[in-house]
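Grab a viewer and work through the exercises below. Each one has a task and then a solution that goes step by step.

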Amino acid sequence: MEKETRQDSKDRNKRLILRTIYSQGQISRAGLARSTDLTRTTVSSIVSQLMRDGLVQETGLGISDGGKPPVILQIDEHGRHLIGLDLANSQFQGGVTDMRGNILYRYELPMRDQDGEAALALVFELVDNLVATTDQPILGIGIGTPGLIDAPNGIIRQAVNLRWRDLPLRDLLAKRYNLPVYITNDSHAAAVGEFLFGQTPRGANLVVVKAGRGISAGIVLDGRLHVGDSSIAGEIGHITMLENGELCACGNTGCLETLVSTRVLLRHAREVAWRNPASPLRSLAASPAEITNDIVYKAFHAGDPDLQAKVTEMGTHLGNAIANIVGLLNVESILVGGSLAQLGEPFMEVVRRQVFRRLNPMLPSQTVINLSSLGKDIVIKGAAALLLTNELGLV
């Protein structure tokens with residue numbers, strides 16, 4: 001083991017103090033010293049530096065305990081702005097957020113089936129527009145993207161739908177914008193976002209299942225994102241659920257993604273639900289080709305029986321997969337996000353029912369399965385949380 005240098009110690013203490021201020025919301029210098037077990041001199045020195053850097057600000061006086069009222073500190077939410085990208089949908093999305101993950105500006109670009117170099121050009125256009133919207137210092141760029149990601153080196157090893165292979169996206173963006181860049185799988189970003197900005201108690205274990213065009217899971221264990229030995233943990237979309245089932249894009253058959261995805265539901269709507277003369281789809285679209293995901297969700301909530309039957313089938317398959325996750329990891333908090341979360345509680349009730357039907361009765365009954373609290377912005381906010389984690393050590 002290498003001996004910790006004086007600078008290493010200072011950096012570690014700085015991150016500890018910043019993390020404590022961030023998690024506490026408001027705290028005095030004396031409170032920081034008590035919470036961190038650092039000396040008041042060390043705390044005062046580091047706080048002064050953080051204030052000079054524009055990361056921390058004084059907000060007034062607290063309640064006196066008999067002596068001089070303490071000066072209260074908090075994070076300067078606009079001390080840095082963050083750029084978060086979500087490249088995992090049918091349109092590239094991005095947002096500029098503050099230090100608390102509040103989206104201040106968003107921008108979207110339709111994909112129109114572009115891939116390869118054309119898709120990369122869209123990423124540049126997206127970031128160009130986001131950078132131009134803020135005059136505040138930018139902490140960096142965080143990205144949640146589909147595919148197999150070499151997160152430590154910022155390389156997209158393979159993103160089938162985008163036809164990206166061994167794309168050094170981190171280095172390309174860092175050179176173009178002269179900013180720190182962090183890239184991870186979209187479900188991993190979602191898990192970090194829920195952990196930092198969501199409503200799950202800090203320090204808890206957490207699994208976020210992102211269900212949309214594909215299915216994947218982000219796993220937080222003991223407060224740390226679990227990525228696995230090759231940074232691809234959570235690829236549950238390619239677990240075999242049905243022997244001799246439909247051929248998957250990965251080359252195997254019967255994968256979870258062939259049974260549960262927006263593509264599966266949209267195809268069903270166009271091929272089957274439209275045939276029903278009483279289907280709400282007929283009042284929402286002029287032809288099957290004009291049916292979109294949003295129209296499918298509206299028809300489902302309007303009571304389309306064919307869509308409701310398909311959603312029940314999909315929820316059952318997803319419940320089986322989640323039951324396996326719970327049985328393997330014994331994680332009590334499971335959240336579902338992504339496009340299919342727009343199916344809402346009717347979908348979640350099917351998922352929950354199947355999970356508890358399949359769970360080993362010996363497992364704790366405290367397992368909670370809910371929709372993500374971050375909604376459609378989960379990956380954008382997760383990408384911002386990725387920045388805060390890596391640049392400032394806030395997780």
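Buried means under 20% relative accessible area, exposed over 50%, and partly exposed in between, with a 1.4 Å probe and protein chains only. You're looking at a predicted model, where local features need pLDDT of at least 70, side-chain atom pairs count only at pLDDT 80 or more, and totals for chains, interfaces and linings use all residues. Residues are numbered from 1 along each chain as its sequence is written, and side-chain values use heavy atoms, with hydrogens and water left out.

**Exercise 1.** Work out whether K210 is buried or exposed, and find its polar partner.

Step one: locate K210, which is in strand β12 (residues 206–211). Strands (E, at least two residues) and helices (H or I, at least four) are DSSP runs, numbered from the N terminus.

Step two: check the accessibility. K210 has a relative accessible area of 8%, so it is buried.

Step three: look for its partner. The side chains of K210 and D186 are joined by a polar contact of 3.0 Å. Such a contact is a pair of N or O atoms within 3.5 Å; within protein, one must be able to donate a hydrogen and the other to accept it, and residues adjacent in sequence count only if both atoms are side-chain atoms.

Not counting residues up to four places away in sequence, K210 touches several residues, among them A88, N89, D186 and V379; contact here means heavy atoms within 4.5 Å.

**Exercise 2.** Say why the pair of F92 and W164 counts as tilted.

Rings of Phe, Tyr and Trp (its six-membered ring) pair if their centres lie within 6.5 Å; planes under 30 degrees apart are stacked, over 60 edge-to-face, and the rest tilted.

Step two: apply it. One aromatic pair turns up. The ring centres of F92 and W164 are 6.4 Å apart and the planes stand at 45 degrees, so the pair is tilted.

F92 is in strand β5 (residues 91–97) and W164 in strand β10 (residues 164–167), 72 residues apart.

Step four: check burial. F92 is buried at a relative accessible area of 0%, and W164 is buried too, at 4%.

**Exercise 3.** Find the side chain that makes a polar contact with the side chain of T134.

Step one: T134 is in the loop between α4 (116–131) and β7 (138–145), and at 13% relative accessibility it counts as buried.

Step two: the partner is H81, whose side chain makes a 2.7 Å polar contact with that of T134.

The nitrogen of Q136 lies 3.0 Å from a polar atom of the T134 side chain.
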